[in-house]
Structure formats: C-alpha cells, structure tokens
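Q: Could we go through this structure feature by feature, with the general idea given before each case?

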Amino acid sequence: MALTGRTTGLRALALGAVLLGAGGPEAAQPSAVEIMARSHLAMFYPGEDMRARVTMRLVSRDGKERLRELTMARRDIQEGGEQRYFIYFHRPPDVRDMTFLVWKYPGRDDDRWLYVPAIKLVRRIAANDKRSSFAGSDFSYEDISGREPEEDTHKLVREERVGARTAWVVESTPKDAGSVDFSRKISWVDKATALPLKEEYYDRRGELARVFTAEEVREVQGFWTVTKRLMKNVQTGHSTEAVLADVRYNRKLAPDLFSERALRAPPAELVR
Amino acid sequence: MVRASPRAWSTALAVLTLLAAGGAGAAEELPLHGFLQAASAYRLIRPDRCPRTQRLACDESFVLGESRARLEVDPRGERWGVVAKGELILDAVGGEVEGDLREGYLDLTFPALDLRVGRQVITWGVGDLIFINDVFPKDWVAFISGLPLEYLKKGSDAVSATGHWAGTSLQLVLIPRFEADTLPEAGGRLAFHDPMAAIEARRTDEPSPALARTEAGARLFRNLLGWDVSLYAYRGFFHAPAGEVEPGPRLRLFFPRLDVYGASAQGAALGGVVSFEAGYYDSRSDRSGRDPAVDNPSVRLLAGYQREVVPDFTVGGQYSVQVMEDHDAYVATRGPGMPRRPAARHVLTARLTRLLLNQTLRLGVFALASPNEGDWYAGPEARYQVTDALSATVGLNVFGGPRRSEYGQFEGNSNLYAVVRYAF
C-alpha cells in the first residue's frame with residue numbers, strides 16, 4: 001500500500017505525540033496541531049477495521065423520541081486517510097433493510113450510495129456537503145466519519161479537568177469559513193486516550209450551537225472507544241444519543257463488503 | 001364483489017409457509033414486518049370526453065380509494081435467504097378484495113455468485129422516472145393514481161444470477177413468464193387516449209410461456225475511475241401493447257418483439273452526481289418502420305445532474321431525447337389528417353427535495369415536460385413522519401398537454417392524493 005507524503009506526515013506527528021506523551025511530566029507540551037492529529041486517529045481510525053451496532057435516540061425539545069438502529073462497519077484504506085463505511089438500517093420500519101455505503105477521501109467529496117430495497121435500486125447520493133445531518137440526527141456526516149484536522153487552524157488554550165480525566169482544551173477555527181456552519185470549535189481532548197471528551201460548536205454569529213459529550217468511554221480490544229455519544233443542539237433543544245454495542249475491531253472485514261454487491265445483499269454477519 | 005386471483009392464492013400460500021418457517025426459527029425479535037396503508041386520490045379534472053369504453057373514468061370521482069395490509073417475512077442464514085412480501089388489498093372504489101405477492105424469492109450466495117429465483121423486482125439504469133434500459137414491467141396505473149412510488153415497479157418471475165470477478169460483475173436474467181406493464185385500459189377508472197375507442201371487442205395476446213419466448217437480459221457492471229458503469233442487453237418484448245384491428249371489427253392487442261442494447265454511467269462530478277444513459281431499441285418486427293401498429297426502432301439518450309445545494313435541500317434535472325428511426329416510413333403509414341409524432345421527443349425534468357424538522361418532513365416536487373410535444377406532468381408532495389411507525393403523505397398528480405400526447409392524455413386523471421401508512 002502506497003502511503004502519501006501527507007499520511008506519513010500525519011503518522012509521524014501522531015507517533016511523535018505519543019512518544020512525547022510517554023516522556024513523563026517533564027516532556028515538552030505537544031502542539032495543538034499534534035493533539036488534534038492524534039485525536040483524529042484515536043476517534044476515527046482505531047484498528048484496521050471496526051463494526052458496531054449503533055442505536056441512536058433522537059429527542060426533540062418536547063421529549064418526542066425517535067429511534068435509529070443500524071449496524072456500521074468501517075475499513076481503513078490508509079491510516080489517517082481513505083476509509084470505507086457500510087451501514088445497514090434495522091429501524092425504523094420505513095428504512096429497514098436499507099443499506100448505505102460511503103467511500104471517504106480526504107481532501108475531496110465522498111462517494112455515497114444508498115440502496116432502496118423496495119425497488120432494488122442502488123442510487124448515488126450527492127455528497128458535497130459533509131455538514132448535512134446523518135439520518136435526521138444531530139450528528140453530521142463529519143461527526144461520524146471525522147473532519148480532517150488540516151481543514152482548521154488549532155490553538156492550545158489550556159489544560160482542564162473533565163470529571164476524573166485531564167484534558168487539553170483546543171480551539172479550532174475553519175480555514176475556509178464559508179465551507180462550514182461553525183465559526184469556532186472548542187475541544188476537550190483526553191490526555192490519556194486522545195479521545196474528545198467534549199466539543200462545543202459556535203455558529204457564525206459566535207453563539208453556542210451544538211455540544212458533543214463522550215458519555216461513556218470503554219477499552220475494547222485495547223482500543224479506547226467512545227461507546228456513548230451525545231450531541232445536543234442547544235439552540236433547538238433537539239438532541240441525539242448514540243450508543244455503540246457489540247464493538248469489534250480487526251475482524252479482517254473483506255474489501256468486498258464495501259461494494260455494490262454488499263449493498264444489494266448485505267452479509268449475514270452485518271444484518272444480525 | 002370478491003375476487004381472488006391466482007396471485008392471491010399463491011400469496012396466501014407463500015405467506016402461510018413462511019409464517020410457519022419463521023415461527024419454527026423464532027429469533028429474539030419478531031421476524032414479521034409490514035404495514036397497514038390507506039390511500040385515496042380525488043379526481044381534480046373531469047375527462048373532457050367519455051367514449052363508452054371509458055365511462056367509469058367520467059363517473060368516478062375517486063381514481064383511488066383503498067386499504068392495504070402488507071406482510072413481509074425474510075428469514076436468512078449465512079448462505080441463503082428467503083423474502084416474501086404479500087399484500088391484501090381492499091379496493092373501496094371497485095368493491096374488490098385482492099391478494100398480491102409483490103415479491104417472493106429465494107437467494108443463494110456462493111463465493112463469487114449470487115442466485116435469486118422467484119418473483120423479484122429488477123431495476124436497471126440511472127434515470128429518474130425516465131426508463132431506458134429498465135425494460136422490466138411497470139404499473140403506470142399505480143403511478144397515475146398516486147400510490148407510493150415503489151408501486152410503479154412490478155415483480156418479474158425470474159431467475160437472476162450475478163457473478164463477481166475482480167470488481168467486475170455480470171448479471172444474467174431469465175424471465176420465462178411475461179408480465180406486461182399495467183396501463184390504463186378500456187373499462188378502467190382512468191381516462192386515456194384511445195384511437196380505437198369505437199371498437200369495444202378486444203383481445204390481448206400475451207407472449208406464450210415457451211422457451212423461445214423467455215425474456216433474457218444481461219448487465220455487465222463495475223466501478224471505473226470512480227464512475228459506476230454498466231452495459232446492458234435485453235431480448236424480449238415491448239411491455240406496452242400494440243394494437244391492430246382484425247375483421248369483426250375487433251382490436252387485437254399484442255406485445256411486439258424488442259431487443260435493447262445500452263449503457264449507463266453515474267459518478268460524482270461538478271459538486272454533485274452526474275448520470276448518463278443511452279439505449280438502442282431494436283423493434284424487431286418493424287425494422288423497416290412500415291408497420292403502423294408497431295413502434296419503429298429508436299435511440300434514447302439521457303443526461304442528469306443532482307446536487308445538494310444547502311444541507312437537506314437537493315436539486316436535480318434531466319434531459320432526455322428519443323429519436324425515431326425511419327421517420328419517413330412512419331409518416332407514410334399515417335393517413336391524411338392523422339396525427340404524426342415528430343422524429344425526436346425531447347423531455348426535461350426537474351426534482352426539488354427539501355427535508356425539514358430533523359428530516360421528518362419532506363417537501364418535494366417532480367416535474368416533467370416535453371418542450372416539443374407540449375405535454376407535462378407535475379407532482380408536488382409533502383410527507384410527514386408523525387412517529388417512527390406512522391407517516392402521512394399528501395400530494396398532487398397533475399397532467400397536461402395535447403390530448404394524444406404521452407402525458408397529456410391523462411389530464412382527466414389529475415388528482416389530489418393522500419396516503420397514511422403504519423409500518424411495523
């Protein structure tokens with residue numbers, strides 16, 4: 001597998017950050033860019049591949065609940081780079097058996113396909129806006145598959161305790177302000193696992209818009225994983241809680257799984 | 001009147017068998033799914049002329065008024081799966097109860113081969129409501145009447161085998177039992193242009209289920225430089241009948257031979273999704289173009305573009321053209337004073353879709369028009385997902401244009417429809 005210079009660079013950064021982190025309290029503080037690169041890999045690239053059963057609970061301001069239940073599989077083509085996602089919907093009934101395939105490329109638009117089982121149709125989905133809501137939830141596509149750290153500038157603000165953990169607080173500002181719906185993001189990145197414990201997104205007027213919190217972090221096969229995630233839109237009062245169950249890493253998922261064949265006939269292991 | 005078609009019995013049998021099978025292998029969750037649906041469509045425009053064969057279309061205020069119960073079972077194992085979707089339909093307008101096996105097939109999966117046997121929906125091509133290589137049967141009555149779009153596609157009793165090698169796939173389809181398109185017909189509740197309206201005696205000759213009459217299709221496809229590319233070939237029949245007058249007089253409806261060769265490509269470009277499709281319709285019993293009853297061979301092309309302009313707002317458009325071969329020969333078959341179709345039919349379509357309220361409210365409109373033949377269709381629709389299980393849809397189907405044109409003939413069926421569905 002060919003590694004681009006950029007990916008290698010990202011890896012070196014992450015590796016450097018790990019070494020620095022292991023160097024003890026006297027070690028030099030990693031830069032904000034290093035922290036965010038490490039956090040990106042820890043959150044979106046653990047293992048060579050991953051599968052999980054995800055239950056999303058969408059709650060409106062007046063307490064009305066909707067459920068989305070899906071099986072998600074991911075396979076990395078390049079660490080920190082290209083990835084493929086396969087999603088099978090179990091619930092609600094009107095989308096049951098639908099499958100969704102994403103080929104994610106850093107630096108350009110994803111390829112997305114949706115399979116509509118009622119008419120046996122595989123359809124390409126326009127994917128130029130990664131800030132769109134995923135399945136009506138408060139999570140955007142980027143919240144699920146990751147926003148490239150290179151798209152923002154980062155500033156280490158301070159260190160702070162979040163519950164029992166110590167976190168770096170990093171402020172990120174989009175380089176291309178017109179391309180996103182937020183003007184500023186504050187992340188609390190766990191010093192031990194590099195996972196984001198909390199994120200605040202501010203809208204273009206500078207008002208707090210959405211808040212992400214890692215409600216539960218677990219170690220699965222040696223990989224620290226946020227198994228319960230909450231995204232709250234503080235402006236509309238709508239929130240989404242995503243719970244990851246049956247998380248498995250390094251299952252040697254076949255490349256075949258991320259193809260039109262699997263869209264039309266998802267393998268039994270992903271449908272259960 | 002209660003009528004139970006052979007399809008009804010096969011449905012009942014399949015559902016019972018699968019219920020028994022599902023019960024035997026009961027999993028932790030109920031393996032039974034489906035929905036209850038009530039649908040109604042009120043005629044907005046009265047047909048302006050009512051030949052005797054279309055009296056019902058003039059008398060009936062509702063083009064649709066029905067309830068449906070759908071049951072689906074789909075047990076599956078590592079290398080096999082069975083899908084059965086049966087419906088019981090209570091047609092309040094026609095006073096009928098009918099059963100329908102929408103789909104019922106067995107899937108077998110081998111390392112490089114997928115086999116599907118039974119009644120199945122097959123969808124080819126990349127057009128949005130413009131079908132070039134998708135030659136499989138369609139229910140235009142359901143579409144015109146305001147039923148959900150999935151009912152436009154009918155199942156085929158077929159064997160389908162798809163082989164996969166190194167990223168390239170080949171699907172072969174054999175359809176031994178011919179299933180025609182469902183079109184407005186004499187005696188039905190939909191108005192349409194009937195050049196032979198004076199002749200009430202009619203018979204339909206369907207291709208007999210002999211081996212030589214088996215429809216065959218092949219689709220070769222792969223991802224090429226980020227584009228989904230397909231090649232298609234089909235040998236079979238037109239799914240809409242041609243008509244010729246026999247002594248009596250009697251109108252004989254039949255399905256002329258048709259071969260189709262085509263290609264399509266779809267990929268991400270220009271910040272959206274770009275689609276191309278082409279097909280050559282080889283009308284085998286009228287290659288000279290001199291048979292007045294049978295369509296001439298034609299070339300059909302389509303280009304489409306779709307883009308998410310802002311989050312949850314998608315805009316799409318298509319241009320399509322259908323060019324008749326041997327137009328001179330066609331013109332020669334038309335008597336003086338008879339209407340003539342132009343050599344090329346141009347069609348433009350637009351689709352806007354807006355999702356609101358966390359994607360629970362979908363506002364959409366699909367519009368189609370032929371700038372040179374002057375006919376058009378517009379279908380605005382609002383669908384609200386009240387809960388995860390319950391949805392409500394209201395919309396309009398409006399047709400217009402010259403009376404003899406493809407969509408203009410349906411003007412008198414223009415309707416306001418409402419559909420409520422409870423899914424489980």
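Q: Where is Pro249(B) placed?
A: Helices (H or I, at least four residues) and strands (E, at least two) are DSSP runs, numbered from the N terminus. In this predicted model, Pro249(B) sits in the loop between β11 and β12 of chain B. The peptide bond that joins Gly248(B) to Pro249(B) is cis, with omega at about -5°.

Q: What numbering and confidence limits apply here?
A: Residues are numbered from 1 along each chain as its sequence is written, while chains are lettered from A and ligands numbered from 1 in the order in which they are written. Because the model is predicted, local features need pLDDT of at least 70 and side-chain atom pairs count only at pLDDT 80 or more, whereas totals for chains, interfaces and linings use all residues.

Q: How many bridges join β11(B) to β12 of chain B?
A: Two strands pair if DSSP finds at least two bridges between them. Five bridges join β11(B) to β12 (residues 250-254) of chain B, and these strands run antiparallel; within β12(B), Phe254(B) is the bridge partner of Ala242(B).

Q: Which strands form the open sheet, and in what order?
A: The open sheet consists of three strands in the order β8-β12-β11 (chain B), with mixed pairing. In chain B, β8 (202-205) and β11 (242-246) are the edge strands, each having a single partner strand, so one side of each is left without a neighbour in the sheet. From one strand to the next the twist averages 25°, where axes are lines fitted to C-alpha atoms, for helices over the stretch in contact, and angles run from 0 to 180 degrees between N-to-C directions.

Q: Is Leu225(B), with its positive phi, buried or exposed?
A: A residue is buried if 20 or more other C-beta atoms, placed from the backbone, lie within 10 Å of its own, exposed if 12 or fewer, and partly exposed in between. Leu225(B) has a phi of about 50° although it is not a glycine, and it is found in the loop between β9 (215-224) and β10 (227-237) of chain B. Leu225(B) counts as exposed because it has 6 C-beta neighbours inside 10 Å.

Q: Is Ala194(A) buried or exposed?
A: Ala194(A), whose phi is near 70°, a positive value in a residue other than glycine, is placed in the loop between β9 (184-190) and β10 (196-202) of chain A. Ala194(A) has 23 C-beta neighbours inside 10 Å and therefore counts as buried.

Q: Which residues touch the most other members of the largest nonpolar core?
A: A nonpolar core is a set of buried Ala, Val, Leu, Ile, Met, Phe, Trp, Tyr and Cys residues joined through C-beta atoms within 7 Å. Leu64(B) and Leu190(B) touch the most other members of the largest one, which has 24 residues. The elements that give two or more residues to this core include β1 (32-43), β2 (62-73) and α3 (140-145) of chain B, and the largest share, three residues, comes from α3(B).
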